[in-house]
Amino acid sequence: MADDLTAEILRNALCVAAEEASIVVVRSAYSTFIVEGADAAAAVLDADGRLVAHSLSTAIVQCASLRSALPYVLRTFPPGTMGQGDVFMLNDVYQGGIHANDLLVFRPVFVDGTPAYFTGTLIHVADLSGISAGGMASDATDVFLEGLQLPPIRIATADGLVDDMARVLGANSRTPDRLLGDIRALIAGANVAAKRLEDIIEQYTPAGLAQGIEDYLGHTESRMRAELAALPDGFYQGEYRLDDDQFGEHHIRVTITLDGGGVTVDFEGTDPQVAWPINSGFSQTSGGVMYALRCYVDPALPLNEGCFAPIELRLPEGSLVNCTPPYPGGGRWATVAAAEEAIFAALTQALPKRGVAASGILQGFSISGASRPWLHMAFDLGGMGASARRDGPDATGALFGGGRNIIPQVEPIEARLPVRVEEVSLIPDSGGAGRHRGGLGTRTVIRMLEDARVDTRGDRLNSPPPGASGGEPGRAGGYYRERADGAREPLHTKGTRQPLAAGEALVLETSGGGGYGDPAERASKAVQKDLADGRITP
């Protein structure tokens, strides 16, 4: 643009529009997980499907979802068929969506009567059919068991919600009022961002905004290419193995080629998709790749299309990282995190001084009423692997994909639901030993005040996060039923509808991160501090 100050003001205005949309969604939502956990994302995109701005306080791994799905909306509803006030929605994992319970909403913003931009929002809604009350269908063998599948649909017009579609959605939810409330919150967020964008257009003129966006994306791309050019050119390979299940072992393999400011990330050789919900849709894998690569570039880089431009991503169709119909994709986290670990392993060859051990990852669960409809869905986060330079942080969930901690607070959970949270603590000795110690996992104990069912979804529990360069693995976590008398028994690590009687408790333990380097080389002062802090025991 004509001057740097104007350009910077415009860039921040676009980012604030996206950020405000995500805040509106959280403040307006009906589901406890959204209101208390703030699990929402929002973006501004152009009519070519390019990401212009993304909410900053959400997980980085969601950055590819809205940009991946918009082209499918435009394919179903050409711009010439869109009207003022129209809002579109989808959840189809094969069309850029995430899984059944993650709804993506788009609203067009018109310039001279034509859609020139789109605002988008997404959240995980409370319930949308499927075998799991919380959308955690951990034993689904096809996508239809995960919930109601929505290709791009028109969910609202200038007159409000499309009544027929709203009735269909409500009829397919165990908690219809919460679902429709969450959808209205999504639309409200998109509307607010659209209004902000209209104000920006009025202030800067359509041509001024268009030029400002081109400058913004081009500037980001040049910075991203410069950061990638600083990495050693070459050809690097890495892999990571998921927990075993009824189908055996599953491996994610990646080859990274760095070439003067460009990067090719090729997952050829990754194992085929399976009839089990560990597959990932292409949008989620793309977000995981972006998160992993951003760990090696300037963290101050804006999150927009300029970051994606230098990356050539190859995701073999029908593989674990790019599932096809009718294979399920709801349990994608294990595969996305494994893809990130494989990238880290590959780039450690290029940058050995920036190596890192494997981390404990997100362990999701949902608890629902056995005799009446109520739902609590959340997750806890494992310890991060130690690096060549420092200990791993405790309970950070780094491989969740960066961003804020979206674990709901205890008091609102107890106020809204028939449960009592009795413990949330770090687990001593759970971080893998090494010259640098892995981060600690956590223990959470939730007591049932009435009969309930629990759905679980975890990984790195049968095969805990390994150490690196001589470091030891972290302690494996798990899910457990604690009887009223204190007896404990394991629950399935990927299971649904597991009964919990009133007086029993769900015990969730997350895995610790792997250690880095020979444990005998750990500084004695570090050992003494760990003892004093209770991170290790004598």
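How far apart are the mean positions of the positive and negative charges of the protein chain? The 45 positive and 67 negative charges have mean positions 4 Å apart. In this count Lys and Arg are positive and Asp and Glu negative, while His and the chain ends are not counted; the place of a charge is NZ of Lys, CZ of Arg, CG of Asp or CD of Glu.

The structure is a predicted model, in which local features need pLDDT of at least 70 and side-chain atom pairs count only at pLDDT 80 or more, whereas totals for chains, interfaces and linings use all residues. Residues are numbered from 1 along each chain as its sequence is written, and side-chain values use heavy atoms, with hydrogens and water left out.

The overall dimensions come first. A compact globule of 538 residues would have a radius of gyration near 24 Å, and the protein chain, with 23 Å, agrees with that expectation; the radius is taken over C-alpha atoms, and the globule rule is 2.2 Å times the number of residues to the power 0.38. The C-alpha trace spans about 70 × 60 × 40 Å along its principal axes. Of the 538 residues, 61% count as buried, where buried means under 20% relative accessible area, exposed over 50%, and partly exposed in between (1.4 Å probe, protein chains only). The chain exposes about 19600 Å², of which carbon and sulfur atoms supply 52%; these areas come from the Shrake-Rupley method with a 1.4 Å probe, and for residues only the protein chains shown count as cover. Among contacts with a separation of 6 or more, 73% are between residues 24 or more positions apart, a contact being heavy atoms within 4.5 Å.

The secondary structure consists of eleven helices and 20 strands. Helices (H or I, at least four residues) and strands (E, at least two) are DSSP runs, numbered from the N terminus. Seven of the strands form an open sheet in the order β2-β1-β5-β4-β3-β6-β7, with antiparallel pairing. Because β2 (51-54) and β7 (160-161) stand at the edges with a single partner strand each, one side of each is left without a neighbour in the sheet. Two strands count as paired if DSSP finds at least two bridges between them. Strands of a sheet pair through backbone hydrogen bonds, either parallel or antiparallel.

Within this sheet, β4 deserves attention. All ten of the ten residues of β4 (residues 102-111) are buried, so the strand is largely enclosed by the rest of the structure. Both of its faces are covered: one side carries Asp 102, Leu 104, Phe 106, Pro 108 and Phe 110, and the other Leu 103, Val 105, Arg 107, Val 109 and Val 111. On one flank, β3 (residues 87-90) joins β4 through three antiparallel bridges, and Phe 88 has Phe 106 as its bridge partner. β4 also pairs with β5 (residues 114-124) in the antiparallel sense over ten bridges, with Tyr 117 as the partner of Val 109. These two strands form a hairpin with two residues between them, and Asp 112 in the turn has a positive phi of about 55°. Further along the sheet, β6 (residues 153-157) and β7 run antiparallel and are joined by two bridges, with Ala 156 and Leu 161 as bridge partners.

The backbone also contains some local exceptions. Most residues other than glycine have a negative phi, and most peptide bonds are trans. Thr 205, in the loop between α5 (176-204) and α6 (206-229), has a positive phi near 75° and is partly exposed at 41% relative accessibility. Asp 429 lies in the loop between β14 (419-426) and β15 (442-448); its phi is positive, at about 70°, and its relative accessibility of 38% makes it partly exposed. A cis peptide bond, with omega about 0°, joins Pro 325 and Pro 326, and Pro 326 is found in the loop between β11 (311-314) and α9 (333-350).

Two helical residues complete the account. Thr 220, in helix α6, is buried at 0% relative accessibility. Leaving aside neighbours within four places in sequence, Thr 220 is in contact with Leu 301, Pro 302, Asn 304, Gly 306 and Cys 307. Arg 416, in helix α10 (residues 410-416), is partly exposed at 40% relative accessibility. Its C-alpha atom is separated by 20 Å from that of Ser 132, which is 284 residues away along the chain.
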